Protein chains: 2
Amino acid sequence: METEAPTRIMLAVNESSIKGYPHPSISSRTAFEWAVKKIVRSNTSGFVLLFLHVQIPDEDGFDDMDSIYASPDDFKGMKERDKIRGLHLLEYFVHRCDEIGVPCEAWIKKGDPTEVICSEVKRVHPDLLVVGSRGLGPFQRVFVGTVSEFCVKHADCPVVTIRRKAEEAPQDPVDD
Amino acid sequence: METEAPTRIMLAVNESSIKGYPHPSISSRTAFEWAVKKIVRSNTSGFVLLFLHVQIPDEDGFDDMDSIYASPDDFKGMKERDKIRGLHLLEYFVHRCDEIGVPCEAWIKKGDPTEVICSEVKRVHPDLLVVGSRGLGPFQRVFVGTVSEFCVKHADCPVVTIRRKAEEAPQDPVDD
């Protein structure tokens with residue numbers, strides 16, 4: 001039976017919004033660990049994990065409020081750092097996959113996460129898309145929107161949303 | 001790693017609405033075959049499939065429009081037949097699991113499918129709930145409602161919706 005093509009699970013992962021926190025967001029890590037523990041299990045040759053990280057262009061430099069951008073080169077440096085941070089994020093997951101022994105691929109795209117995730121699903125045709133979620137209540141959701149809800153409705157493949165555990169929520173639940 | 005407790009996947013299954021059709025609905029079969037092919041794969045000892053069939057009390061006798069209910073015994077016979085049909089439905093899935101070699105459990109509940117599925121999730125704590133869907137467009141959805149959408153929003157565990165393949169849709173897409 002395992003001669004069939006492996007099951008391709010796409011995971012949309014993002015960085016933590018918490019300063020000084022290790023790179024992956026809590027909900028990205030929760031979604032990844034769920035997929036490994038509950039789906040892949042010991043069957044590492046039956047699955048391929050596909051990590052997509054979408055960088056939002058508008059948030060470029062958000063963490064660099066203290067910096068002064070006085071020349072085009074300053075922006076170039078910033079974008080370079082952005083790219084490096086994205087690579088660090090993917091490195092975390094690729095490294096975990098290597099430890100576990102499950103094959104993986106990882107890539108970065110720029111754009112609106114909801115649109116990019118759905119267009120990448122159309123391009124890559126995963127068997128399952130796993131997205132993390134902060135598990136916000138309806139009141140908080142109105143203000144922040146949720147990528148997971150959009151994907152559940154619009155992605156062209158089965159989607160499972162993994163909610164962050166309540167005990168792992170940071171002080172401000174909008175953080176992740 | 002496989003010494004961990006098996007992953008428990010709950011599948012909400014229902015009967016076909018098409019007369020003369022074999023018992024399981026097209027979308028129930030599609031969801032089941034997806035779970036086996038894409039998630040369980042060859043790792044049959046790593047999973048337990050939990051089949052829940054919810055019978056809707058209001059639809060009792062819907063197929064028996066030609067029958068005349070003249071005494072309480074007529075209704076008793078009808079309910080008995082309903083129970084037998086539910087058992088046949090579950091028998092189909094239990095038999096398939098036996099062929100594949102994956103452990104399973106199956107049970108019937110009466111009530112509103114959305115409420116019963118969500119309360120059974122609370123009681124049974126599956127790791128994943130798999131629900132089939134007819135993949136109706138927004139226009140048709142307004143009239144028929146969809147159990148899958150409700151579960152995605154309200155079930156207390158990760159939920160994945162498996163849409164029926166377009167080529168398997170019957171003449172009337174509301175049928176299943």
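Colleague: How much area do chain B and chain A bury between them?

Modeller: This is a predicted model, in which local features need pLDDT of at least 70 and side-chain atom pairs count only at pLDDT 80 or more, while totals for chains, interfaces and linings use all residues. Residues are numbered from 1 along each chain as its sequence is written, chains are lettered from A in the order in which they are written, and side-chain values use heavy atoms, with hydrogens and water left out. Buried area is the accessible area (1.4 Å probe) that two parts lose on being put together, summed over both. Of the area buried here, 51% is on carbon and sulfur atoms, and the total for chain B and chain A is about 2,300 Å².

Colleague: Which side chains meet in a salt bridge at 3.0 Å, N to O?

Modeller: A salt bridge is a side-chain nitrogen of Lys or Arg within 4 Å of a carboxyl oxygen of Asp or Glu, and the count between chain B and chain A is two. One of these, at 3.0 Å from N to O, joins Lys38(B) and Asp127(A).

Colleague: Which helix of chain B gives the most to the side of chain B that touches chain A?

Modeller: With contact meaning heavy atoms within 4.5 Å, 29 residues from chain B and 29 residues from chain A take part. Helices (H or I, at least four residues) and strands (E, at least two) are DSSP runs, numbered from the N terminus, and helix 1 (26-40), helix 5 (147-154) and strand 5 (159-163) of chain B each supply at least two residues to that side. The greatest contribution, six residues, comes from helix 1 of chain B.

Colleague: Which residues touch the most other members of the largest nonpolar core?

Modeller: A nonpolar core is a set of buried Ala, Val, Leu, Ile, Met, Phe, Trp, Tyr and Cys residues joined through side-chain atoms within 4.5 Å. Leaving aside neighbours within four places in sequence, Leu49(B) is in contact with residues including Ile9(B), Phe32(B) and Val36(B). Of the 44 residues in the largest core, those touching the most other members are Leu11(A), Leu49(A), Phe51(A), Leu11(B), Leu49(B) and Phe51(B).

Technical notes:
Buried means under 20% relative accessible area, exposed over 50%, partly exposed in between (1.4 Å probe, protein chains only).
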